[in-house]
Amino acid sequence: MQNIKDIYDLEINYLIEAVKHASNPYHTFVLSTINENFPETRTVVLRDVSISPFKIYFNADYRSNKVKELIENKNSSALFYDKDRKVQVRMKCTAIINFQNDISLKKWKGTALQSRKCYMGPYAPSTKLKDWHPNVPEEFIDSNPTLEKSQKGYDNFAHIELTVLELDILKLRYNGHIRFKVENEKIYHISP
Ligand SMILES: Cc1cc2nc3c(=O)[nH]c(=O)nc-3n(C[C@H](O)[C@H](O)[C@H](O)COP(=O)(O)O)c2cc1C
């Protein structure tokens, strides 16, 4: 039987690796927020991981519903699944929105021109449209903005910090699944 601390350490390593490697299944995760009484879920890209305190990070348009929901209620949850290794990682989190501050500026400086384009949309995300529009400035649909023009995107750029309060890890195995929780620096088995 595998030691749960070893499984935990391995999964943390996979998460750290996933920031740089799009082929790693943990490169994207499903984020759930609370919209009044309804849960809302969507896929986002894992942009950073920090250990001690354990945090995960993603970028978003400040005008988006997810940011509005997190401002209203910072409680959220993150879900990762590695289909090949059959490991599910669930995280209970609280969010901090970094917007127009030193942290968001540092991240913006490291954001590629192609990604910066996503924050230059003339419409706030989820705006009802009469016709199709990719929500990037027309002149940059097929090209990237110059560094100078891309700065406009910073007006809408937010770097979201999720402090992980609790983890629930499930490893599926033909000879018996393993499930455990990590909270307050304690790690313990729970029934799968
Ligand atoms: C593979 C993939 C990665 C995505 N990454 C992000 C992301 O990092 N940040 C983000 O705000 N939206 C991302 N999206 C778009 C969201 O899933 C969502 O459609 C959009 O942000 C609107 O969500 P909201 O209305 O809940 O705010 C991604 C979508 C896909 C399919």
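Residues are numbered from 1 along each chain as its sequence is written. Because the model is predicted, local features need a pLDDT of at least 70 and side-chain atom pairs count only at pLDDT 80 or more, while totals for chains, interfaces and linings use all residues.

Helix 2 covers residues 65–72, and its buried members are Lys66, Val67, Glu69 and Leu70 (buried: 20 or more other C-beta atoms within 10 Å of the residue's own; exposed: 12 or fewer; partly exposed: in between; C-beta atoms are placed from the backbone). Helices (H or I, at least four residues) and strands (E, at least two) are DSSP runs, numbered from the N terminus. Viewed down the helix axis, the buried residues of helix 2 fall within an arc of 160°, so they line one face; the arc is that of the directions from the axis to the C-beta atoms. On the other side of helix 2, Ile71 and Glu72 are exposed.

Strand 4 (55–61) is among the elements against which the buried residues of helix 2 pack, with contact meaning C-beta atoms, placed from the backbone, within 7 Å. Six of the seven residues of strand 4 are buried.

Strand 4 also pairs with other strands (pairing requires at least two DSSP bridges). With strand 3 (residues 48–50), strand 4 forms three antiparallel bridges, and Ser50 stands opposite Lys55. Four residues lie between these strands in their hairpin, where Ser52 takes a positive phi near 60°. Strand 4 and strand 7 run antiparallel, joined by seven bridges; here Tyr57 has Glu161 of strand 7 as its bridge partner.

Notes:
Contact = placed C-beta atoms within 7 Å.
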